Amino acid sequence: MELSGWLLALYMTCFLPSVILDMKRVTINDSSQNLTSVPTDLGSSTEDLDLSVNQIQSLKSQDFNKTPKLHLLNVSWNILQHIDVNTFNATPALEILDLSHNKLQNLSKQHFLLHAGHLQFLDLSSNMFSVMALGREFVSLKHLQWLGLSAEEVSISDFATIANLTLKTFFVNAGGMKVYEESSLMGVHAEKAIIVLSMCNSTIAVQMASDAFKHFRELEFTNINNEMMFLQELHHRESLRTVNLGISKLKCSWEVLTGCVNTVLISSIQKLFLSDITIISMSGQVEVTPGHVLESFSIKKASVTTFIFDQKKLYDFFINIPARNFSVTQTPIVHITCPRSVSEIRVLDLSDCALTEKVFFTDPDRECDTLTGLEKILLKGNNLRHLRPLTSRIHLMKSLQYVDFSQNSLTYTEEQGRCVWPPKITHLDLSSNGFDQNVFKCLPISIRILNLQNNQVSAVPANVPLLDHLSVLDLTANRLLDLPLCQAYPNLQKLVIRSNSLHAPLPEAFETCPHLKSLDASHNPYICTCPLREFTALIDGQGHKLPGLVLEHWPGGYQCSYPESWRNTTLQNFYLPEISCKAWLLSITILIPTITLAIAVTLLCNKLDAPWYLKMIWKWTRAKHNAILSQDRAEDMEGVCFHAFLSYSQRNAEWVKGQLLPKLEGSGLRVCHHERDFVPGKTIIQNILRCIEQSRRCVFVLSSHFVQSEWCHYELYFANHQKVTRGINSIILVLLEPLPLYLIPSKYYQLKAMMSRRTYLEWPQDGAKQSLFWVNLRATLQADLPMPLEREQQALIS
């Protein structure tokens, strides 16, 4: 069943990609339902029908009368013995038919094919055919592209009825074959042949391989569990027609595998593809046999069952294979060595392995200098973590132009050192990593196309090296709050900032990008208020901004996220009257003296930051006043050991440990910190409840990470219920970074209510204001608690 499903999926992916992409197809999956016949309740809109792995013995003439749109039918792995000649009379759209792994017995009498003239895929393999003689009904299959067969005996005349048909793929399962007449495969005309050799007689395998190598340009052998004697035919170069050779689902020793590769190297094969390879023994020291340069060498999904072996032997063998396109993918290798001599490799793909930034590393005083002809390298989906040492590994690859380091865990900080890149890199893919804005300080100056999708970039710094050649910059799915300025890349032509955090882009950014022709700023949370009018005013109905800038995905990709009255409205339809945003025009003519004075006072206050200081003094005064009016009763303080319990996201731990804890405990306050005060052996929930009950206040450090933490949610929930016994002032909110209410998930409805009804302390970024912040917080938490000795005794009692 695995082989049949793989073949069907392979055909649809390669030859019918539109079927895969069409998500609106009506598909019925009745696989593994123990059915004995075709269901009678099939709808007329059914397009794809899976009846595999059931107990169906026959297909009747009326089975598919109600499914005129049927396009795909899979009846593999049943017990089919008979198919009525009129079964497919009512299915003119049928193109894919899988009848493999059944009990059909005569290939020359499959008359139902006379009414299936539009078939493109037909699999009749693994049935009970004694001979492979195709009947005259196969002549009607003029659109057939993929044909799968198997039988006990194969002769030259078996394929006479399809002599005028050229297939894309011919599949034959030779597992149960007993007789093969030499040159039989010469009667099949196909671009590619796939031959299954599991449990196949070695003599028959050699005979079939001999004919296949002479007849098919592209050839694949699969399910191989022998010594691959059939590859001996590759020595006859004068009669060899095969150019592309694939070997899949192979289980063999290291000696056999390397012997296979060396045999190919001395043949005329141009492309070698190895897939699903299992090496069961690593004995033997084998070197690469000198031969011709392959156009392509590829290994996919390879593994070694031996736990202890010389890995360098494996790496050295493969990297020294002469090939222009070299690929080892989806294989758990942790390293690859450097070729011994100047390599012919032009394209190197080592994606989806387990490589680190020590790839190619040979000696502390020498980097890899034999890949000087390499033009393209792909290392996506590995375990790469630090960018700077990775650039050192490749900096001697002087012909390198295309680099793909995507889907790793790469970061860059200036502490890593200065990056050294090859001189000709034009395309760099760093998507799906962990970069912030520091990555712009570690880029090759020759770069033209830069992909930074799905990273942590919040801004493009101004003090970065000039990237004069950069023309395409993709910053999709980052954390940008505004349009980046183009001082560092003045010749930028295409900018993609889709799915960031743009609220109201400033049009001034366009003035720094004189050559920008395409901008994609779709799917951002636009706040449709007055500041956004400047951005929308630049765009006409066709998504253009003069001179010549095209706004991609306009207008459907640009919608308001706030306020609620404008939510999901496209920016094209967003409109605010002039008076709504410029009401001061009327007021200024009436109250010029008042407005002038107010502006002067406002400017002075803003310059001195008086509003902030007044607000903080007011909060301090209220805290002192409340402390006097609401003295804690002795009974309320029973069991209270701490002034405050801290709740925060682990991603804010650096600020809490570096700033909050030292400032509070340094002033004599007792703080309950989970890393220190949680009791070992108790559950997390029990520890949270105990700490909240033994703390006079609960301090919640709010940030974007806080609202993503489940444990923070629990702590807020439990603390909120303490107001019944402690009063509503038991919860103190500290806002570490701006956190608009609309960004808080709906499950934090209690937090939304708190932030909308009560005041909270905001952490100032200005160092001069931070001292007043600490005074306010300490004043709110200050209270007389039992001595530490009493607290310890109470803890022992609890």
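Student: How many residues does helix α4 have, and what span does the helix reach from its first C-alpha to its last?

Tutor: The expected span of a helix is 1.5 Å times one less than its number of residues. In this predicted model, α4 covers residues 254-265, twelve in number, and reaches 17 Å, close to the 16 Å expected.

Student: Is α4 mostly covered or mostly exposed?

Tutor: Burial is judged by relative accessible area, with under 20% counted as buried. Ten of the twelve residues of α4 are buried, among them Trp254, Val256, Leu257, Cys260 and Val261. The elements covering these buried residues include the strands β14 (244-252), β15 (271-279) and β16 (294-304), together with helix α5 (311-319).

Student: Which residues of the largest nonpolar core touch the most other members?

Tutor: In soluble globular proteins, nonpolar side chains tend to be buried together. Here the largest nonpolar core holds 171 residues, and Leu245, Phe297 and Phe405 touch the most other members. Helix α4 supplies the largest share of this core, seven residues. Apart from this core lies another, of 26 residues, including Leu702, Phe718, Leu735 and Leu739.

Student: Which residues does Phe405 touch, not counting those up to four places away in sequence?

Tutor: The contacts of Phe405 include Leu379, Leu384, Leu387, Leu390 and Ile394, as well as Trp421, Asp429 and Asn433.

Student: Where is tryptophan 554, and why is it classed as buried?

Tutor: Trp554 lies in the loop between β28 (549-551) and β29 (560-562). Trp554 is classed as buried because its relative accessible area is 14%, and the cut-off is under 20%. Its C-alpha is separated by 7.6 Å from that of Ser522, 32 residues apart along the chain.

Methods
Residues numbered from 1 in each chain as written. Predicted model: local features only at pLDDT ≥ 70, side-chain atom pairs only at ≥ 80, totals over all residues. Heavy atoms only, no water. Helix = DSSP H or I, 4+ residues; strand = E, 2+ residues; numbered from the N terminus. Buried < 20%, exposed > 50% of the residue type's maximum accessible area, 1.4 Å probe, protein only. Contact = heavy atoms within 4.5 Å. Core = buried A, V, L, I, M, F, W, Y, C linked by side-chain atoms within 4.5 Å.
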